[in-house]
Amino acid sequence: MSEPALALGKPPKFQLVDLSVSYRSQEGDSIEAVRDVSLAVADKPGVGEIIVLLGPSGCGKSTILKCIAGLIAPTKGEVLLDGRSVHGVGRDRGMVFQSYTSFAWLTVLENVAYGLRLQGIAKSKTHELAMQYIELVGLKDFAKRYPKELSGGMKQRVAIARTLINRPKLLLMDEPFGALDPHTRWDMQGLLLDISRKEDNTIVLVTHDVTEAVYVGDTAFVLTNRPARILRRCDMPHFQRRDLALKFASEFRAVEEQLLDALYAPS
């Protein structure tokens, strides 16, 4: 599907311009991870939007995400956020990884408040804001617990709250539900949809799960095997309801088939 028109005179929310990434393996071989990826996502103030990078495991989609986060410098091309080139990490981008990243010696409340404490924000304000985000991710009754007392899904909720509290323009998520059981994964997908409606930011989600891409995504970019290139952009239809029954509906299955056809088409 074609790129939508961007607002006249207004830069995209974020943009990748001829992005390429190569690196050296431990054996000294040159590995091309990403090749000439260009895309633009329009700025839609007040509208929560989920952009999906969909591709097979090891194709380079996580490398693209790390470039957006500023954790990796591209070999060629650039990343633009609100028209400005990205160089290094910044609070305007928050990252949630697949692995659990909570500090074991801090409670849920202390973990979520950690970033604000580093900014020197008053303890009373930090506590108030941290509790707001803990409640947003459904952990109000676990604020004083330690990570070892939490399930995998709860630990990811902590990571999401800790990232959201800094109010990033882009919330970057690298297969955050990949290690979870199917029921917990379903719950977390629902949480992600709630967040996209309540927070004024854009979410960029990396996944190789086609069903997940269709269920949570507003737009999906289908990527090739490594080196990652864009095969297709797919703008999802507006589903009236997003519940378990939707995943068995004919219109949902039709979009899945489109993405599967793109993923497995002969190169």
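Predicted model: local features only at pLDDT ≥ 70, side-chain atom pairs only at ≥ 80, totals over all residues.
1. As for its partners, S7 pairs with strand S6 (residues 93–96) in the parallel sense over four bridges, and Gly-94 stands opposite Leu-171 in S7. S7 also pairs in the parallel sense with strand S8 (residues 202–207), here over five bridges, with Asp-174 standing opposite Val-206 in S8. Between S7 and S8 the chain passes through helix H5 (residues 182–198), and this β-α-β crossover is right-handed.

2. If neighbours within four places in sequence are left aside, Met-173 is in contact with Leu-65, Val-96, Ile-160, Leu-192, Ile-203, Val-204, Leu-205 and Val-206.

3. Helix H4 covers residues 152–164, and its geometry can be checked against expectation: at 1.5 Å a residue, its 13 residues should span 18 Å, and the end C-alpha atoms are 19 Å apart, which agrees. The helix is mostly covered, since 10 of its 13 residues are buried. The buried residues include Gln-156, Arg-157, Arg-162 and Thr-163, along with Val-158, Ile-160 and Leu-164. What covers the buried residues of H4 includes S6, helix H2 (108–118), helix H3 (123–136), S7 and H5.

4. Turning to the aromatic residues, a search of the whole structure finds four aromatic pairs. One of these is the tilted pair of Trp-186 and Tyr-215, with 5.3 Å centre to centre and 40° between the planes. Trp-186 lies in helix H5 and Tyr-215 in helix H6 (residues 210–216), so the pair ties together parts that are 29 residues apart in sequence. At 23% relative accessibility Trp-186 counts as partly exposed, whereas Tyr-215, at 2%, counts as buried.

5. The rings of Phe-239 and Phe-252 have their centres 5.9 Å apart and their planes at 40°, so this pair is tilted. Phe-239 lies in the loop between strand S10 (230–235) and helix H7 (250–263), and Phe-252 lies in helix H7, so the pair ties together parts that are 13 residues apart in sequence. Both Phe-239 and Phe-252 are buried. Elsewhere, Phe-103, Trp-105 and Tyr-114 form one aromatic cluster.

6. The last point concerns an open sheet, which is formed by four strands in the order S2-S1-S4-S5 with antiparallel pairing. Strand S2 (30–41) and strand S5 (84–85) stand at the edges, each with a single partner strand, so one side of each is left without a neighbour in the sheet. Strand S4 (residues 76–81) and S5 pair in the antiparallel sense over two bridges, and Arg-84 in S5 is the bridge partner of Leu-81.

Technical notes: Residues numbered from 1 in each chain as written. Heavy atoms only, no water. Pairing = 2+ DSSP bridges. Right-handed = clockwise from strand over helix to strand, strands pointing away. Contact = heavy atoms within 4.5 Å. Expected span 1.5 Å × (residues − 1). Buried < 20%, exposed > 50% of the residue type's maximum accessible area, 1.4 Å probe, protein only. Phe/Tyr/Trp six-rings, centres within 6.5 Å; stacked < 30°, edge-to-face > 60°.
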